[in-house]
Amino acid sequence: MSLAITTALTATSVANASSNANRARSGGTVTYALPPGQEPDMILPFFSFQYFGVEVQDFMYLMYRPLYYFTGKAFQLTEANSLAYPPTYNASDTVVTVKLKPWSWSDGEKLSPADIAFYMGILQAEKTNYWAYIPGDFPTNVASATYDTAADTVTFHLKGPVNPTWFTYNQISYVQPMPSAWDLSGPGKKSDCSGATSALEATCPAVYKYLEHEASNTSTYASNPLWQVVDGPFRLSSYSPGGLTVVLVPNKKYSGSHKAKISAFDLKTFTSEAAEYDVLKSGTAITVGYLPFTDAPTKPNSAAVGHNPLSGYTLEPWLAWAIGGMAVNWNNPTVGLIEHQLYFRQALQSVVDQQAWIRVGYRGYAYPQYGPVPDEPKTPYATKYEETNPYPFSVGNARHDLTSHGWTIPATGPATCTKPGTGAHDCGAGISKGEKLTLTVNFPSGEESALLLMETLQSQARKAGLYITLSPRPEDTLIAVSGPCTPTQSACKWQATWYGEVESEAPYWWPDNGILFICHSAASPSNYCNPSLDAEYSKVYSKKGLSAFYDVENYETQQAIQVSFPTPDLQLTEVSDRLGGYTQSGTEYITPQNWYFKS
Amino acid sequence: MTGYLVRRLLQAVAVLIVVSLVVFGLLHLLPGGPARAVLGNRANPGEIANFNREYGLTRPIPVQYVIWMGHLFRGTLGWSYTQNQSVASLIGERLPKTLILTISSVLLALIVGIPVGMVQALKRNRALDQVSTLASFTFYSIPSFFLGLILIILLAVNVHLFPAEGPQGTSFGQILGDFRALVLPMVTLALGGIALFSRYMRSSTIDNLVEDYVRTARAKGAGRARVLVRHVFRNALAPIATILGLFLPVLLSGAVVVETVFNYPGMGLLFWTAAIKRDYPTELGVTMLAALLTVVGSLLADICYAISDPRIRYVNR
């Protein structure tokens, strides 16, 4: 009996101690390790691609909130963190009304429709200086907008009907209200870009010019009163030029429901993953860091998380909302016509041993990708057809695809076209007799794991008669030489490119991936163009529901337009055991206002 | 000497102009323009055109060169394509870090390497010399990134004697104020220098020890210490001065590895990042600085050579 009482008391006291230890306490500095070479070096939340990076977006969103905020594993619109209630659409989906929530800027000004008008004015005037703008999309698809200050609403009258989900997730998702305190065309010179009832584009270029000028003076980021007007949970406290030191402190006037408990948030930059890992290992200087893939023990297939080599930290793999893949150049004058053949693309997809890639290149921290929509995390977007993997790894299938279409595979050397022609079992249009099956693949140089992965592909492809020549190139050259082109241009020499990184869905959270597949899309280096698919995409964007979305996805999967590769985790996050409230979202945005130190 | 200096300075200016022309030309010969490399593969043609217009990349290359020379003379060195700062400001931010690291490591290398080399020469072919030679070869052949990692694991991760990263401040005061954090990167960079200087000092000392003037000095009754310090040491230093002058730019480029390993972003890393992102203005700015250091280093070496060996006089005075 006494033993039972003692045990019960001990259990109670342990539980209490544990609960006390996990209680949130106020204060403390969270040091957050940024990926190597990434420094938040832009503060104006209206910037071009040259400053784009997750770290810049994180840095800004902590201070300047977007109109709508998306978090969670299924990338839902999170009303609690958004500045407006979910948008409402009229019956014909041509008018969108956004009602702002009661929210204030840190200078005491109320968030108002004029702040959206200000953004719209700048956007209309400076589209080509804005990273999120896609020609033809928002705001080009908006016929007019009205700003009702009394009702706190903004109404967009669209040029045609839209799919409400697409418009909410991929168009107005990146609207960025800007405070009236920024409506200046020079020091102390008040302007009128944020007209209360309309976006006054005529005055906006001068305002943009002034704001851009102020944002180019990085040495004044922490002291310039402009940047202290925030509506997010934090404001900038300390900043050294170039973003090498970035410290944020809580915005005491934050209107959101989760006010920060920590006293400071330090975004720490690193020169390399190895340097970050050394600091992580050497003590407790980093609160949230990351384990380099090369240092991670391989995760067993059955486990969600593998062994963590660090004590005092919890390993949390960060699932990316992205797709991995390789672009093949449909316009290449040498192999473009071969790449036009479906059987070839199927064969190419069949020699990608995704499980080997996951094991060898990513230490188990990746998931296989079978089509143009992320297969993980599970969302309503990936179709059953895509998830069932229509072209599983099989050298035999790849050989069959080729030999049944006029190619002969010798014992050694590349396959040769022996049955030219356009029949069902011939090599295909424009492919001549004796043509050999070779492909040059560009990939990033200087990364051992990338070379290993490419050699795996090369080895499997060779067994199927496809001879791949590997062409490692520095990152800058890789991107510069793998762009959109026409067959006659000298820039069209590239045949296939693997960028070594995944294509993030950000900030277009609805993963239709039109930017990769629509004719002449800037983000589609493969030069793929199919007017029928474009017509289907117009349905995706203009009709309610997922039916057209699924049709497009299944078609792209079946056609293997882009060779699918596994999608690795964004990073292997190491979270200090002293930190509570930590969560991570595939949107890649961080929420330190929810984090706290355990007492 | 003055005439010589003027001629060397004029030569230096010519060298710098040639370097700038060659580097500028080579950068523009790279396949694909910088716009896509900087903006990424999602940039649309409008954004690419905007970028090219903003940075004057649509103009003829000679015009671009003249504009860049204008930036050079104004001291801004142009505007970085990726880092939202002028190149001069970026260099101003990173240079103190690299200067402190390289100067302190060179000083350490000299302070240790020269006496070690002399002692080796005096005890040549004995155990001490053999051990020092072995150590020199070892340190010289180990890549600095590996050496750095070993030092971090031993002294930062296992023993917690030093931080695993270099000083994180940006000014001279902040960096020097965190001297403990400077020790590991400094030692990593210095060990190769110690090996190099000690080897040169050893052979140079051995050469001088058998010179006639040493025998004469001894015959005149000079003590061993006096002979070594007043005569041998001074003469043996001449090759070190030459190496030291040419060592400065090597250190600048060699620091990139140490900067990467020790999270100490200086000039080497600035250049590396600019190179992989095609940030032409930053690449040009750092290259010009490296060229300037090479020219100045070489000039200083010649002057030091003359000072250390009064027999050397420059012709055509």
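Reader: What share of the contacts in chain B with a separation of 6 or more comes from residues 24 or more positions apart?

Author: Two residues are in contact if their C-beta atoms, placed from the backbone, lie within 7 Å. In chain B, residues 24 or more positions apart make up 70% of the contacts with a separation of 6 or more. This is a predicted model, in which local features need pLDDT of at least 70, side-chain atom pairs count only at pLDDT 80 or more, and totals for chains, interfaces and linings use all residues. Residues are numbered from 1 along each chain as its sequence is written, while chains are lettered from A and ligands numbered from 1 in the order in which they are written.

Reader: How many helices and strands does chain B have?

Author: Helices (H or I, at least four residues) and strands (E, at least two) are DSSP runs, numbered from the N terminus. Chain B has 13 helices and zero strands. Its C-alpha atoms fill a box of roughly 85 × 60 × 35 Å along the principal axes.

Reader: At what angle do helices α5 and α12 of chain B cross?

Author: Axes are lines fitted to C-alpha atoms, for helices over the stretch in contact, and angles run from 0 to 180 degrees between N-to-C directions. The axes of α5 (residues 87–122) and α12 (residues 267–276) of chain B cross at roughly 135° and come within 8 Å. That makes α5(B) oblique to α12(B); angles under 35 degrees count as roughly parallel, over 145 as roughly antiparallel, 65 to 115 as roughly perpendicular and the rest as oblique.

Reader: Which residues of α5(B) and α12(B) meet?

Author: From α5(B), B:L90, B:R94, B:L95 and B:T98 meet B:M267, B:G268 and B:L270 of α12(B). By class, this contact has four nonpolar, two polar and one charged residue. Ala, Val, Leu, Ile, Met, Phe, Trp, Tyr, Cys and Pro count as nonpolar, Asp, Glu, Lys and Arg as charged, and the others, Gly among them, as polar.

Reader: Is B:T205 buried or exposed?

Author: A residue is buried if 20 or more other C-beta atoms lie within 10 Å of its own, exposed if 12 or fewer, and partly exposed in between. B:T205 is buried because 23 other C-beta atoms lie within 10 Å. This residue belongs to helix α9 (residues 179–209) of chain B. Not counting residues up to four places away in sequence, B:T205 touches B:G117, B:M118, B:A121, B:V232 and B:A236. Of the 317 residues of chain B, 43% count as buried.
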